[in-house]
Amino acid sequence: MHLSRDVVLLITHSGDFFTIDRVAESLSKKGVQPFRLDTDKFPLEVQLTAHFDKSKSYHTIECNNHSISTEQVQVVWMRRIWEPKLSQELAPKFREACIRESQATLDGFWDSLKEARWVDNLERIDYASNKLRQLRIASEVGFVIPQTLVTNKAQAAREFFQQVKGKMVSKLLTALSRSMEANSSFFLYTSIVKEEDLQDAESLRYCPMVFQEQIPKQQELRVVYVNGNVFVGALNADMYVAAKVDWRKPGVEVGAWQHHQLPDEVIRRLKAFMGKFGLLFGALDFIVTPSGEYVFLEINPVGEWGMLEKDLHLPIASAIADALLQRKNE
Amino acid sequence: GVIPFFARFL
């Protein structure tokens, strides 16, 4: 069935739930038609066609017995892009080529939507995903940031450990592959580095790492920015003593999310920060220290917020729908 | 083979 009206395209994946449904529901209530595209279902369950000739181009998306032409897409919500999921029946030696070609097709397909309003633009998301750039710009707008070292030099890591008086954490600039092995996933969360770990620091020569001073925390904040609106959830650090370092780790008893009001000065800096990246959406992490200082950690331009909507009833989905439907230059 | 430093925190 070909949908006849203009649509808002929701770019996501088959594992997405709650947040995507809330935004779709909010868009429907506002009288527009959402169309969900699960990127990992391409090419097996989603069909894309792109026609080009000398006078025009014409593209269609088909999935779940519905089809749209990209001319109908006025607005795009760039929620997530996942790698194509191919079945085991495919000969393994062709798997990589099929994935690569499918991803290239999707990348090309987004170009057919260049006239649409995106939340957010893919190039801006990529630009903002650079964690070192985030720290530089955070510092420029006046945020406090942790002392940070990025190095593949063992001696530098050891000296930094002394500089921060042995209170050091580590992380990577990029995500590990979602699955380093079939049926299991490995993650690297922000981890405490102990002195004995550094006995093996020579192995940094194979891959650099990010080291930061461990910031004492009273609260950990997830701040969600949507087109000038700010939504905040706070976790009390003493509620998840076992983790102390990374509340995002599964199985960490985080306690209840709580409402939190950011100081005006932090909000002003936040808006300047988002303005520098040209982003309409972002999920940011901050630490509030025992002395009440707000320390910027990072921004995820496509970060999570469902727990804040669900537990704190913050109207984030509605704000995203409003941002999607706002006219250009409004 | 050789294990990079980050692997100890996986």
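Strands β9(A) and β11(A), the latter covering residues 209-213, run antiparallel and are joined by four bridges. Helices (H or I, at least four residues) and strands (E, at least two) are DSSP runs numbered from the N terminus. This is a predicted model, in which local features need pLDDT of at least 70, side-chain atom pairs count only at pLDDT 80 or more, and totals for chains, interfaces and linings use all residues. Residues are numbered from 1 along each chain as its sequence is written, and side-chain values use heavy atoms, leaving out hydrogens and water.

**The sheet**
- Four strands of chain A form an open sheet in the order β8-β11-β9-β10, with antiparallel pairing (two strands pair if DSSP finds at least two bridges between them).
- β8 (148-151) and β10 (191-193) of chain A are the edge strands, each pairing on one side only.
- Helix α5 of chain A (residues 154-163) packs on the sheet and touches β8, β9, β10 and β11 of chain A (contact means heavy atoms within 4.5 Å).

**Lys171(A)**
- Lys171(A) lies in strand β9 of chain A, residues 168-171, and stands opposite Val210(A) in β11(A).
- Lys171(A) is buried, with a relative accessible area of 11% (buried means under 20%, exposed over 50%, partly exposed in between, with a 1.4 Å probe and protein chains only).
- Beyond its neighbours within four places in sequence, Lys171(A) is in contact with residues including Leu188(A), Met209(A) and Leu297(A).

**Cysteines**
- The count of disulfides over all chains is zero (a disulfide is a pair of cysteine sulfur atoms within 2.5 Å).
- Cys63(A) is buried at 7% relative accessible area, while Cys98(A) is partly exposed at 29%.

Methods: Chains are lettered from A and ligands numbered from 1 in the order in which they are written. Axes are lines fitted to C-alpha atoms, for helices over the stretch in contact, and angles run from 0 to 180 degrees between N-to-C directions.
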